[in-house]
Every structure is written in structure tokens, then in C-alpha cells.
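Take a look at the structure below.

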Amino acid sequence: MGIGKLESFLEGHIEGFFNKRFSSDLELAELMKGLEKEIGRQGRGKAMHLVPNRYVFTLAEDDYQRFCAQRVVDELYAAVEKQVILQNYRMEGKLRVSCQKEADRIKGTYALTSRYEEETVASTNEASSQTIVLERPGLSASTPLNLPTEHKVVSLTVIEGADTDAYLEFGEKQIYIGRRDKNEFILTDVNASRLHAWITYEDHRHILHDAQSTNGTYVNGKRIDTYCLVPGDEIQIGSTVLVYEVI
């Protein structure tokens, strides 16, 4: 097998494998790049652009120890969520990302595999000391109620109207938009309804819903009832225009 074919094989079957000539440390940015490529490869040509919800990194012992911090847990999880949105794909089920050790793996290299998974509980092997599961922590009896993990991966910014420059970052939480004080995104625009629209998180995508508003909700100039947002979309509510972006 020639060098070119070998590289193509590695990219297609062990996505994210990087050989750094055994001299440099593995960087978090490389793991994120691997996720971007793997999600892109998995989504191409698939029905409904559905991508896997389970991602496993195989690392050398030293690299594994370096990537066990909570910061990595959060950043890898958020990186997957962002790529699903950026590449306009969907993901069903709970997202899970994990790292595992491989005794004979060379430092500075990794392998990334992905699959579709329905189960929500880690297997006995995955819960062993050889694997750290990197997934969005849920609330439990031991979790401080005032410190839930929240992955803010997108934003809304007002670019036109009375509330120009108003800004909100959010992730999986449902948000409400309008003049009502209880809304997550409060507008002062008199042409906006008290509850004008809301955004849900479904299949790891943000879905905009019109709340039967008086003047309607528009995306890129077209009136909508329900719409799956993509980065760069401009949402018009009354005389206000907001832009949706991945952060």
C-alpha cells in the first residue's frame, strides 16, 4: 500500500490518528479537530444527516492522564455539540464522549471511533479505572444545586432594533423571547408580543417556534411556525432582528 493510500485509509477508518514523530505532546485542539472530521465523515450521505452520539478516544498512558480534567470534559462535549450545529446534522439520544488507555500506544497519537448508542448507562468495563467517561454531568444528590454544568454553545445578538447589541449565550436550555419580564431574552420592541417566540433543543439542534405572535416570526425574510436554526440565520421579531451564531 502506497503512502497516499495508507493516509487515506487512516483518515477513513481510524479518524483522528495523528503521528507526531514521537516528540510532541498531544494537544486538545487536535482532539477537537478529530471530532470535526469524524462528525463530517459520519454525516455525509446519511439519511436525515444523523450522526453518532458516542465518541471514544484511545490515548497513550501519559496523554490519558493529561486529558482527565473537568475542563476537557466540558470542552470535548461542547465541541461535539457545536460541530453538529455547524455541519447542519442531527444527533439522537444522549451524547457521550470518553477516553480510554492503550498500553502500547505511542505518546502523542490517538485513535477516535464513533457509534450510535441507545443505552444511557455506562457498561461495567467503561466504568473501570481504565476509562474516563466524558459526558454532560446531570444533577444528583451530591451536585450543588447552584452549580449545574451548562454548555453554552450558541448566541443570539440583536443587530437591528430598539435593543441593538443585546446578547444571550445558551445551550440545551429552552429559552423564551419577547417583552415579558420572565423571558430569558427580554425585548423592549413595542412590535414584539409579550411571549413572541421560544427556542427548544431537539436532537442536539435549536428549534425556533413562533408563539402565535401578533406580528409573526421571520427567519431570513420568511415567516415561520417552526424552524431548525443554522448559524448566521437572522430572526425578525417585530422591528427587531437577531442573529443566531455558534460561539
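Is Asn53 buried or exposed? Asn53 is buried, because its relative accessible area is 3%; buried means under 20%, exposed over 50%, and partly exposed in between, with a 1.4 Å probe and protein chains only.

A word on the source. This is a predicted model, where local features need pLDDT of at least 70, side-chain atom pairs count only at pLDDT 80 or more, and totals for chains, interfaces and linings use all residues. Residues are numbered from 1 along each chain as its sequence is written, and side-chain values use heavy atoms, leaving out hydrogens and water.

Asn53 sits in the loop between helix H2 (28-43) and strand S1 (54-59). Helices (H or I, at least four residues) and strands (E, at least two) are DSSP runs, numbered from the N terminus. Leaving aside neighbours within four places in sequence, Asn53 is in contact (heavy atoms within 4.5 Å) with residues including Met91, Glu92 and Tyr116. A polar atom of the Asn53 side chain lies 3.3 Å from the backbone oxygen of Glu92.

Now the sheet. It is open, with 6 strands in the order S6-S5-S15-S14-S11-S12 and antiparallel pairing. Two strands pair if DSSP finds at least two bridges between them. The edge strands, S6 (167-170) and S12 (222-224), each pair on one side only.

Follow S5 (residues 154-160) to S6. The two run antiparallel, joined by 4 bridges. Leu156 stands opposite Leu168, and Thr157 stands opposite Tyr167. In a regular strand the side chains alternate between the two faces of the sheet. In S6, Leu168 and Phe170 form the covered face, while Tyr167 and Glu169 form the uncovered one.

Notes: Polar contact = N/O pair within 3.5 Å; in protein donor to acceptor, adjacent residues only side chain to side chain.
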